[in-house]
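I open this notebook to record what I looked up in the structure shown below. The entries follow the order of my reading.

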Amino acid sequence: MTDKEKLSSVPLPEADMASEDMTTLDIRSEDEATLDITSKDKATLNTSSEDTTTFDKPYKARNKQAEKEAAEQAARENKRAQKSREAAREQNAYRVMPFVRSSQTTTDCMFMVFLALLPSFGFGIYMYGIRAVLLVGISIATAFFWELILGLIVNRRLTVIDCSCLVTGMVGGLILPPTVPYVYPVIASTVAIVFGKMAFGGLGKNILNPAATGKLVLLILYRFVLQTYFHDEYIAYSPLRLLMDDGVVDLKEMALGHVPEMIGTGSVIAIAAGVVLLLLTDVIDLSIPLSYIAGFAVFYILFGRHGLNSYYLVYHLCGGGLLFTAFFMAPDYTTSPMTRKGKIWYGILMGVTTGILRVVFGIAESSALLALLIGNALSRLIDLRTQPVAFGARLRPVRNTARGDARQQALREEREDALEREMEAHYAAFEKAAQAMGGLTGSETAGTIDAESIEADLHRKRVTRRGQIPVPQATDAEIQRAQKLARRHHVQMQEREELYAGVPLGEVVEQVSSEEIELPTMDLPED
Amino acid sequence: MARLTFKGGVRLYQGKDMSKYRKIKTLVPGQIQIYPLLQHKGKPSIPVVQIGDYVRTGQLIAEADGELSANLHSSVSGQVLDIGPRKVVTGEMLESIVIRSDDSFLEAGYERDKQLEDLSRKNLIAIIKNAGIVGMGGSGLPTHYKYLDADARKIDTVIANGVECEPYLTSDYRRIIEEPIKLINGIYVLLKLFPRARGYIALSEDNVEGYRVLRNLLKDDPRIYVKRIRNKYPMGSERQLIYALTGRQLNAKMLPFEIGCMVNNVDTLISISQAVTMHEPLITRIITVSGDAVAKPSNFRVRIGMTYRDVLEQAGGLRSKLSLDDVIILDGGPMMGIPIEDLDVPITKLSTAIVALRKKRIAFQPETPCTRCGKCLNACPENLAPMRLYIDAKRGNKIGFVEHMGLECCACGCCSYECPSKISLASEIVKMKIACRQNKQLSGEYARRYVRE
């Protein structure tokens with residue numbers, strides 16, 4: 001296969017692809033232009049007829065009818081032109097190089113993330129009931145609304161179909177505490193879509209995670225409400241807060257999620273279910289989450305004042321939405337680095353930042369979120385610093401240029417000579433065996449014309465375009481030719497049979513080889 | 001068994017089962033054969049016959065023009081009708097020789113069979129050159145040119161490339177099973193040329209049958225090893241194959257002989273064996289006709305000069321109720337192939353396969369904005385950043401493109417395959433690469449690969 005650059009002087013079809021694109025565009029504009037001209041012509045015709053029949057009412061009516069017909073015809077032609085344009089576009093799509101593509105699209109990825117978030121959402125509903133449904137529902141609805149409107153204004157198309165707004169709304173709802181008033185998700189989603197995403201130009205262009213941006217604004221506005229879980233019905237502290245205040249919480253309860261947390265971040269099991277789905281469908285890879293967790297764990301072991309105590313470490317990993325951030329928010333395509341190395345550095349950076357925020361500053365719930373935002377802000381920089389080195393750009397020294405001392409060299413040459421002698425013997429044996437099998441004697445061109453191939457030639461199936469009248473299966477001349485070939489083939493076969501009458505082919509060759517072939521010594525190539 | 005592999009690449013749907021079990025059949029050539037004078041990389045060859053001459057099968061009809069060029073032989077016996085421009089697969093008009101077959105296939109007198117032991121290095125290279133053998137894996141570099149450059153003392157690895165990583169192609173698979181002895185003989189010729197080398201036959205891990213056949217034949221051979229390699233696209237690419245087998249890296253500026261390797265396709269080696277033992281020039285090649293739109297996918301031994309229509313029609317044509325408008329016909333595999341507009345163009349030494357795919361199956365997927373997912377980066381076997389190169393290509397930033405190592409791209413199309421936004425990265429990058437290569441100041445050392453100094 002190697003480099004399929006074909007012939008150096010022959011331009012690849014890709015070379016003229018752009019020009020073709022351009023031509024199709026031109027054709028479009030030309031089409032429209034011609035359409036305009038025709039309508040104008042009709043208009044001028046109409047006006048001229050009007051001039052002649054200005055005083056006759058029935059003629060006017062007739063004119064109106066003609067105008068109507070002309071308009072209809074124009075519309076019809078327009079439709080036809082549009083159809084042909086679409087066909088041309090599709091034709092072009094079939095001309096671009098890899099003719100097989102993976103079936104995974106951006107919409108698929110986003111929808112998979114949405115599905116992966118459902119277990120966490122389900123657990124939120126189980127814990128907090130209708131309130132969770134309403135909060136997340138309002139969040140999704142607001143995100144969808146803004147995406148629909150701003151997508152039409154900014155990008156001039158329906159951007160909602162790529163499902164990214166659903167994910168943003170879902171994540172934005174799931175990282176809210178269950179006790180907040182219903183205005184909060186509206187504010188968070190609005191900020192997320194309008195300022196976090198669409199202000200940058202839509203999907204793929206934002207720098208900060210939209211959902212995290214929304215939460216950040218809420219944190220700035222209502223810090224007290226968000227951190228104390230204060231509500232009329234109950235007052236609770238998140239397990240991490242409790243731990244920092246020297247409280248005690250069961251780890252089992254934390255793993256299941258029976259603790260006061262954000263709506264979706266409490267249950268480790270629900271998060272794990274979602275992550276399994278994402279890994280099976282190849283939407284995320286583990287480099288970012290694992291390096292995040294590893295970075296945090298190492299930092300906590302070194303500076304967390306509890307050493308290798310696994311209780312505190314697991315506690316910190318499960319609490320404060322760290323796992324949710326690591327698996328669902330950090331690997332977000334747009335805001336994380338693209339390169340392999342960069343992803344790992346990004347994870348470590350976020351892990352260490354989370355650790356600093358928790359250990360030094362004592363921030364419990366929002367530490368992972370703030371670390372994520374800091375990581376996002378730096379991700380493009382990380383990308384720039386960790387560009388991959390092209391394959392083969394750093395070359396290793398080649399083994400066969402190394403030289404030993406004279407004695408070693410002599411030894412090596414001796415060994416090589418021995419090897420060559422051995423090879424000669426092997427080749428002689430191989431050639432004898434090959435000739436006995438008739439493996440080397442089969443010519444590529446001899447015996448090309450046999451009965452089967454003549455049959456195939458005669459019964460060929462014509463390949464035609466749509467609507468084209470197919471040529472009859474075989475013309476008389478072709479049949480005559482086939483008969484001639486068949487006769488020739490028959491004669492050939494008879495000759496061959498006479499030659500090798502009663503003797504199998506293998507034996508003939510073997511007799512010849514044993515008589516004629518001696519083993520001459522092989523000369524070393526001269527150079 | 002540890003599988004040898006490289007970083008990056010993609011796993012594709014193979015589709016080889018369609019034509020894997022079909023024996024190689026020979027085809028009857030049509031009445032009129034066309035031989036473009038440029039069937040290789042380099043200068044077009046010079047015709048040595050005149051209009052009206054009678055030529056025989058295997059007779060020389062065009063001579064190589066200088067070192068980077070190859071001889072051309074007639075594949076039928078008959079009369080030279082015309083020497084003039086004819087259309088080729090790429091859509092270009094190329095100077096070609098047209099021969100009308102007289103259906104008797106009279107052969108030109110070949111020399112007597114010779115023993116490999118009697119031939120010297122110079123003889124062997126002359127034989128390979130006279131037979132007009134070029135790299136049949138798609139590179140089209142004249143084979144003798146490759147051997148001339150290499151220092152016989154420094155080559156320590158000779159690789160037979162039997163990895164068919166493109167989907168649907170099975171011609172090498174069939175060749176290895178049906179003619180293993182010729183393949184081994186071809187490697188012996190190479191080992192004779194490079195006496196300090198060790199021979200490797202690289203097979204895909206899926207090719208169990210070929211592995212068994214070759215292993216039985218080479219059970220206790222001291223110099224030739226059969227290796228199985230991870231089934232991944234683009235494993236058959238020269239540089240990736242060398243890396244997987246020997247761990248040596250190679251960039252696009254260099255040729256394999258500079259790091260002591262010599263890579264040849266299985267088809268090339270078999271034609272070398274033919275040329276050396278039987279003095280038969282390169283006038284046939286194996287072509288796979290496959291794809292989901294073909295009625296009977298199979299492998300054929302095709303004379304060079306037949307038209308694509310001839311081959312496709314004798315393969316049973318398209319499936320019922322399908323016309324040319326419903327399918328897309330490719331010269332080569334679906335990853336790197338070229339769509340054939342006109343079927344009445346000749347098969348050359350470089351054609352590998354005819355793949356016909358239904359347009360319905362190639363779903364039309366609209367382009368969406370890039371989400372920076374980094375999948376193209378993970379898929380790139382050359383370890384490049386395709387998205388960055390794509391942006392350079394879109395902006396027409398040639399200097400940036402060269403700085404970002406865009407000339408290292410091997411045009412495999414992995415990035416386009418993986419992209420969830422369906423951006424056609426590969427075609428844009430290749431277009432830009434060709435534009436950059438034409439500028440000698442920009443391409444610098446990369447131009448060395450194609451022009452001898």
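How many bridges join β2(B) to strand β8 of chain B? I found 5 bridges, and the two strands run antiparallel. I looked up one position: Gln33(B) has Ile99(B) as its bridge partner in β8(B).

I note the basis of these entries: this is a predicted model, in which local features need pLDDT of at least 70 and side-chain atom pairs count only at pLDDT 80 or more, while totals for chains, interfaces and linings use all residues. Residues are numbered from 1 along each chain as its sequence is written, chains are lettered from A and ligands numbered from 1 in the order in which they are written, and side-chain values use heavy atoms, with hydrogens and water left out.

I then placed the pair in its sheet. The order β2-β8-β7-β4 (chain B) describes an open sheet of 4 strands with antiparallel pairing (strands are DSSP runs of E, at least two residues, numbered from the N terminus; two strands pair if DSSP finds at least two bridges between them). Its edge strands, β2 (32-36) and β4 (54-55) of chain B, each pair on one side only.

I turned next to the interface. I read that 156 residues of chain B are in contact (heavy atoms within 4.5 Å) with 114 residues of chain A.

I also checked for salt bridges (a side-chain nitrogen of Lys or Arg within 4 Å of a carboxyl oxygen of Asp or Glu). The rule finds 3 across the interface of chain B and chain A. Glu313(B) forms a salt bridge with Arg462(A), with the closest N and O atoms 3.7 Å apart.
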